[in-house]
Amino acid sequence: MSEEKSSLSCCSVAGSVSLQGERLSWNEYFMSVAHLISRRATCTRGHIGAVIVRENNILSTGYNGAPSALPHCSDNGGTCRIYKSIHPDGTIEENCVNTIHAEINAIAQAAKHGVSIRDSGIYITSSPCIHCLKVLINVGIKTIYYANPYKIEHIAELVKLSGIQLVQVTVDSIGRS
Ligand SMILES: [Zn+2]
Ligand SMILES: [Zn+2]
């Protein structure tokens, strides 16, 4: 809340919120949360946030980083440790061995606390990699909402075969990662 609004009445303060833009849709709301969560990410290769949602309620969140209590890529003296893999189409993919992807961390958080995520949706600031997509299918996620496409051609076939929905949601004011 900005300082200059603090002396106004409650209604005026509420009005000041609307000056910042129209009321967010549910998709904009959850994707905005995903972008905010991505700012906790610690892998220097990219900052990704994920939010698992069912019936407009947040069930779990995650960002990409090292496992709990292990050194993060962004720690002092830390660094990403990259491995390369070759996709069947011949393209080379690079990943960081230190890091758990945001989607998997969101699933892990749900598992840790005993939260069922079956038949839910997930908002991710980037489209999932093929490995995360396979897990998202098996935990019963029905719809993946993503902001930025990441090698989306690698997951197209599996998306089609699995029947999982893939929907792009961009948030103009925040839509970057
Ligand atoms: Zn890293
Ligand atoms: Zn992944």
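Predicted model: local features only at pLDDT ≥ 70, side-chain atom pairs only at ≥ 80, totals over all residues.

User: What makes β1 and strand β5 (residues 121-126) a pair, and in which sense do they run?

Analyst: Strands are DSSP runs of E of at least two residues, helices are runs of H or I of at least four, and both are numbered from the N terminus. Two strands pair if DSSP finds at least two bridges between them. β1 and β5 share four bridges in the antiparallel sense, so they meet the requirement for a pair. Residues are numbered from 1 along each chain as its sequence is written, and chains are lettered from A and ligands numbered from 1 in the order in which they are written.

User: How many bridges join β1 to strand β2 (residues 57-63), and in which sense do they pair?

Analyst: Six bridges link β1 and β2, and the pairing is antiparallel. Val53 has Ile58 of β2 as its bridge partner, and Gly49 has Tyr63. Two residues lie between the strands of this hairpin, where Glu55 takes a positive phi near 50°.

User: Why is strand β1 (residues 49-54) described as largely enclosed?

Analyst: A residue is buried if 20 or more other C-beta atoms, placed from the backbone, lie within 10 Å of its own; it is exposed if the count is 12 or fewer, and partly exposed in between. Five of the six residues of β1 are buried, so the rest of the structure largely encloses this strand.

User: Is Ile58 buried, exposed or partly exposed, and why?

Analyst: Ile58 has 15 other C-beta atoms within 10 Å, so it counts as partly exposed. Ile58 belongs to strand β2. Two residues are in contact if their C-beta atoms, placed from the backbone, lie within 7 Å. By that test Ile58 touches Val51 and Val53, leaving out residues up to four places away in sequence.

User: Which strands make up the open sheet, and what makes β2 and β7 (165-168) its edge strands?

Analyst: The sheet has five strands in the order β2-β1-β5-β6-β7, with mixed pairing. β2 and β7 are its edge strands, as each pairs on one side only. The twist from one strand to the next averages 20°. β6 and β7 run parallel and are joined by four bridges, and Tyr146 stands opposite Gln168 in β7.

User: At what angle does α3 run to β2, and how is such an angle defined?

Analyst: Axes are lines fitted to C-alpha atoms, for helices over the stretch in contact, and angles run from 0 to 180 degrees between N-to-C directions. On this scale α3 runs at about 125° to β2, lying across β1, β2 and β5. In α3 (residues 102-112), the buried residues include Ala102, Ile104 and Ile107. The buried residues of this helix pack against β1, β2, β5 and α4 (130-138).

User: What makes up the largest nonpolar core?

Analyst: A nonpolar core is a set of buried Ala, Val, Leu, Ile, Met, Phe, Trp, Tyr and Cys residues joined through C-beta atoms within 7 Å. The largest set here has 33 residues, and those with the most contacts inside it are Ala34, Ala50, Val51, Ile122, Tyr123 and Ile124. At least two core residues come from each of α2 (26-38), β1, α3, β5, α4 and β6 (143-148). Ile122 touches, among others beyond four places in sequence, Ala50, Val51, Ala106, Leu136 and Ile144. In soluble globular proteins, nonpolar side chains tend to be buried together.

User: Over which residues does pLDDT stay under 50?

Analyst: pLDDT is the predictor's confidence in each residue, from 0 to 100. It stays under 50 over residues 1-19, for which the model has four contacts beyond four places in sequence. For the protein, the mean pLDDT is 87, and 86% of the residues reach 70 or more.
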